[in-house]
Amino acid sequence: MAHIEIDAADVGRRIQRRREQIGKSRATVAGLCGHGESWLKKIERGERWVSLPELYRLGAVLEVRDLSELTGGGIPSMITARPTHPDLPTVRDAMMSVDAVTADREPADVTDLRRQLDDAWRTWHTSPTQRSDAADVLPGLIVDMRHAARVYDGTERRRALTLLSETYHLAQAYLAWQSSPELLWMSTDRALTAAEQADDMLALASAVWYYAHAVRAVGEGERATEMVVTMAEQIEPRLERFDGPDFVEHLAMWGTLYLCAALTVARAGDSGDAWRYWDRADSAARRLPDGYAHPWHMFGRANVDLYGVSIAVELNHPEEALRRAQDIRLSSIPSRERRARHLIELARGYHRDGDQLGTVNMLKQSYEVSPEVLRYNVIGRAMLRDLVRKGRASVRDDVERLAEETGVLVDV
């Protein structure tokens, strides 16, 4: 297949033309995207590449339904609605309920709560239906953790607060990609508050890491980067104080913070800092025991390599992304959910390269690994919708089947 070149100057001209058509100033559009006016000025002049998440944001602000109006084609074109998991109301009720803090009953044992949460994370990473499984246990975990954090005191209360913060991380994972931003922000804020009250550095770092993801998603990339880098700098001096499991856990947290920074600046088109931050995460992975992966944020050798693929995709280097992907064995990725997302990233690389067969093959593999990942992944759904509308005859059968099974609604 011929490589499709995306001309940054052409995209910039199209964005400027559309902005002027609807009568919005550069400052207004940039502000609605969470950036300053200079950000959009560089895009419109072709001096800066705009990442796919930023294009979706611009498409919404500029009131376009088909992103090809801004790009001229070559990437997923349709702006798709985010799906909602059928059990979301139950999770919402648990998060908003006051029963957890008013109930007059004995709190659950903190050690038992730790075991339940560990089991929930293990299921998240091993089940093909991780969202449905998480929804089965999240309401009970949220209520029990909130109750324990209120009733206990001293050391047990701090332990309960740490677990409560981590429970909200699981809620964040469940809520991601769904059409419930208010709940996502609620879980993000509550996780950070619980971690602060627990006075636990690792819990706080984890909460900042998740908070940065939420901040990045609304266009505040610079702020997100500053948050995780600052947190990593606070952890680094502490590494010398630990050995054994404590050292490994702190090192993994330090590394995953830099992975977040690397991907964030890559989405802003900053190749130098992206790979500089990735190198720091890579150095952490090299110091970890062979085969190590953190039980819930999955930092380890495989995750660092996966981020390398994602960074190359974000920087619009599909050949580099596919080259890096060739050295990654799917079996080396300990999380089924992460494997499925990796295959969607590879699909993005093929799609950027104009290879429809490769794109569809990766999406099919992702669906086979975990149907729910593709069903709730906005970028994967956008590629499916785009291929149903524009795909060649050789891929249409597979694409239409996937679109139907994932609930992608297509306007032909």
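This is a predicted model: local features need pLDDT of at least 70, side-chain atom pairs count only at pLDDT 80 or more; totals for chains, interfaces and linings use all residues.
Visitor: How are helix α18 and helix α19 oriented relative to each other, roughly parallel or roughly antiparallel?

Guide: The axes of α18 (residues 336-352) and α19 (residues 356-369) come within 8 Å and cross at roughly 170°. Angles over 145 degrees count as roughly antiparallel. Therefore the orientation of α18 to α19 is roughly antiparallel.

Visitor: How do the residues of the contact of α18 with α19 divide into nonpolar, polar and charged?

Guide: On the α18 side, the contact includes R336, L343, I344 and Y350. Among the residues they and their neighbours meet in α19 are G358, M362, L363 and E368. Taken together, the residues of this contact divide into nine nonpolar, five polar and three charged.

Visitor: Which term describes the orientation of α6 to α9, roughly parallel or roughly antiparallel?

Guide: Helix α6 (residues 88-96) and helix α9 (residues 130-151) have axes that come within 9 Å and cross at roughly 5°. An angle under 35 degrees counts as roughly parallel. The orientation of α6 to α9 is therefore roughly parallel.

Visitor: How many residues of the contact of α6 with α9 are nonpolar?

Guide: From α6, the contact is made by T90, V91, A94 and M95. One residue of the contact is polar and one is charged, while the nonpolar residues number eight.

Visitor: Why are the buried residues of α13 on the same side of the helix?

Guide: The buried residues of α13 are G221, A224, T225, V228, V229, M231, A232 and I235. An α-helix has 3.6 residues a turn, so residues three or four places apart point the same way.

Visitor: Which exposed residues does the face of α13 turned away from its buried side carry?

Guide: The cover over the buried residues of α13 includes α12 (201-217), α14 (244-267) and α15 (271-287). The face turned away from that buried side carries the exposed residues E222 and E226.

Visitor: What is the relative accessible area of W177?

Guide: W177 lies in the loop between α10 (154-175) and α11 (181-198). Its phi is near 75°, a positive value in a residue other than glycine. W177 is partly exposed, and its relative accessible area is 28%.

Visitor: What is the phi of N316?

Guide: N316 is found in the loop between α16 (301-314) and α17 (318-325). Although N316 is not a glycine, its phi is positive, at about 65°.

Terms used: Residues are numbered from 1 along each chain as its sequence is written. Side-chain values use heavy atoms; hydrogens and water are left out. Axes are lines fitted to C-alpha atoms, for helices over the stretch in contact, and angles run from 0 to 180 degrees between N-to-C directions. Helices (H or I, at least four residues) and strands (E, at least two) are DSSP runs, numbered from the N terminus. Angles under 35 degrees count as roughly parallel, over 145 as roughly antiparallel, 65 to 115 as roughly perpendicular and the rest as oblique. Contact means heavy atoms within 4.5 Å. Ala, Val, Leu, Ile, Met, Phe, Trp, Tyr, Cys and Pro count as nonpolar, Asp, Glu, Lys and Arg as charged, and the others, Gly among them, as polar. Buried means under 20% relative accessible area, exposed over 50%, partly exposed in between (1.4 Å probe, protein chains only).
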